[in-house]
Amino acid sequence: MDVLYATTVSLFVVVISFSLHLVFYKSKSAVKGKLPPGKKGWPIIGESLEFLATGWNGHPEKFVLDRMAKFSPQVFSTSLMLEDVAVFCGCAGNKFLFSNENKLVKSWWPSSVNKIFPSNQLSKTEDLKMRKLLPNFFKPEALQRYVPVMDLVTQKHFKTGWEDKEQIVTYELTKNLTFWLACKIFLSVDEPERVRYLSGPFESISRGILSIPIDLPGTPFRKGINAANFIRKEIISIIKQRKIDLAEEKASPTQDILSYMLLFTNEDGVKMTETNIADKILGLLIGGHETASSVCVFVVKFLAELPEVYEGVYKEQMEIAKSKGSEELLNWNDISKMKYSWNVACEVLRLAPPLQGNFREAITDFVYNGYSIPKGWKLYWSSISTHKNPEYFPEPHRFDPSRFDGEGPAPYTFVAFGGGPRMCPGKEYARLEILVFMHHLVRKFKWEKLIPDEQIVVNPWPIPAMGLPIRLYPLKAES
């Protein structure tokens, strides 16, 4: 983020917050018991700016790890996104939150998310139905038929974006690929011009999702709302056309998740509304491409830095390539052989998780680790509290794919996809697109980073500050 812009926003927010504090602040009712240790920061906005700024400055782990050291390694309190928040840390904190879904805690999103996705505020019953709907589409047996589709799109991507280039900016290309795949598999849209047209506003949406919810012209929040409204209208027009195509049997009921949602009915025979479907597709497009593109760019980064890891991935992928015909597309069986490559991807996810953490809300008063957690408080779990913790991962900053051999890390320590009933339903989809990307990447190129010490920033996903520019060295095709 531009320093001048960030400073201006910070000062503006502080002034407005202090004014609101003087005018509107009401003391909260006394809480029984001892609250988790911590600090609340500025009136109203709390520590939101510091929470976001550590990511902007390239050190997203600093906010959590500093407070774990200062207040408590198990749980500490803060104020984020205009809410009182308890941050649950470590393996025990993850286990507690993931195991008590809809018992002591429920899903919660900051108001910035709910404003950008108005239908995100589903009832508990509707939310549970959606949680059942998505896994049906994303389960391995349902995704198997998309492996050749992913392979074909990825081949086209490398041909148009990477081949015959001396230098490229990696993140721009990985974003293009993962968005193209998401449009193809979720909406059956793969015309390059149409995909580019739809992709434009997504950066604004991503920045707005976890921004401070100041709805004024020019703020990331307002830009996010406007961009989401634009994309929502485009998706609704696609939905209306798909309804016609389904009625005229020009589209298949099973061709993509859009058809799946249009034909889905609940126990009462009620179908999802167009707006609700549009918001769900919008969320899937963000989750299905922004997070995967972040992982792919860090795969490129770490393989450039670690030639021995590159060689391991190259050897595995070449064995798979040599077992196939020259024009034969990848299939599910090939994916199942990419064990070392997936270990590498998981180690990337550990060190640079796209999902830094997520929120819950306490639905009743309860006690955790001797501290009172009041009903209504927001709760946050952080992947950083375990991923970068030597208690769970010795030498946590060392890149070591063997951590994922055998049974892999201990339960509740590797939480790149969340956990419990709300584990990311797109985990298997992400695995496929990342592995197909790696397959073609190492078979076609070696490369080197053009900025050796490029800073990593988080806003809201981790990315190299300059997009990871690299110099490509094409490999000769092996027979």
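Author: Let us begin with a detail of the backbone: just after helix 9, Ser-188 adopts a positive phi of about 60 degrees. Please keep in mind that this is a predicted model.

Reader: How many helices and strands does the chain hold?

Author: The chain has 19 helices and 12 strands. Of its 479 residues, 52% count as buried. Among contacts between residues at least 6 apart in sequence, 73% join residues at least 24 apart.

Reader: Is helix 9 mostly covered or mostly uncovered?

Author: Helix 9 is mostly covered, with 15 of its 18 residues buried.

Reader: Where is Thr-154 found, and is Thr-154 buried or exposed?

Author: A residue counts as buried when its relative accessible area is under 20%. Thr-154 lies in helix 8 (residues 147-161), and it is buried because its relative accessible area is 0%. Leaving aside neighbours within four places in sequence, Thr-154 is in contact with Leu-177, Leu-181, Val-436, Phe-437 and His-440. Thr-154 and Trp-180 are 26 residues apart in sequence, and their C-alpha atoms are 9.0 Å apart in space.

Reader: At what angle do the axes of helix 8 and helix 19 cross?

Author: Those axes come within 10 Å and cross at roughly 40 degrees. Helix 8 and helix 19 are therefore oblique to each other, as an angle under 35 degrees would be needed to count as roughly parallel. Their crossing is right-handed. Among the residues making the contact are Met-150, Thr-154 and Phe-158 of helix 8, and Val-436, Phe-437 and His-440 of helix 19. The residues of this contact divide into 8 nonpolar, 3 polar and 3 charged.

Reader: How do the axes of helix 17 and helix 19 cross?

Author: The axes of helix 17 (residues 339-351) and helix 19 (residues 427-444) come within 10 Å and cross at roughly 110 degrees. That angle makes helix 17 roughly perpendicular to helix 19. This crossing, too, is right-handed.

Reader: Which residues meet there?

Author: Ser-341, Trp-342, Val-344 and Ala-345 in helix 17 meet Arg-431, Ile-434, Leu-435 and Met-438 in helix 19. By type, the residues of this contact are 6 nonpolar, 1 polar and 1 charged.

Note on methods
Residues numbered from 1 in each chain as written. Predicted model: local features only at pLDDT ≥ 70, side-chain atom pairs only at ≥ 80, totals over all residues. Heavy atoms only, no water. Buried < 20%, exposed > 50% of the residue type's maximum accessible area, 1.4 Å probe, protein only. Helix = DSSP H or I, 4+ residues; strand = E, 2+ residues; numbered from the N terminus. Axes fitted to C-alpha atoms, helices over the stretch in contact; angles between N-to-C directions. Parallel < 35°, antiparallel > 145°, perpendicular 65-115°, else oblique. Left-handed = near helix turned anticlockwise from the far one by under 90°. Contact = heavy atoms within 4.5 Å. Nonpolar A, V, L, I, M, F, W, Y, C, P; charged D, E, K, R; others polar.
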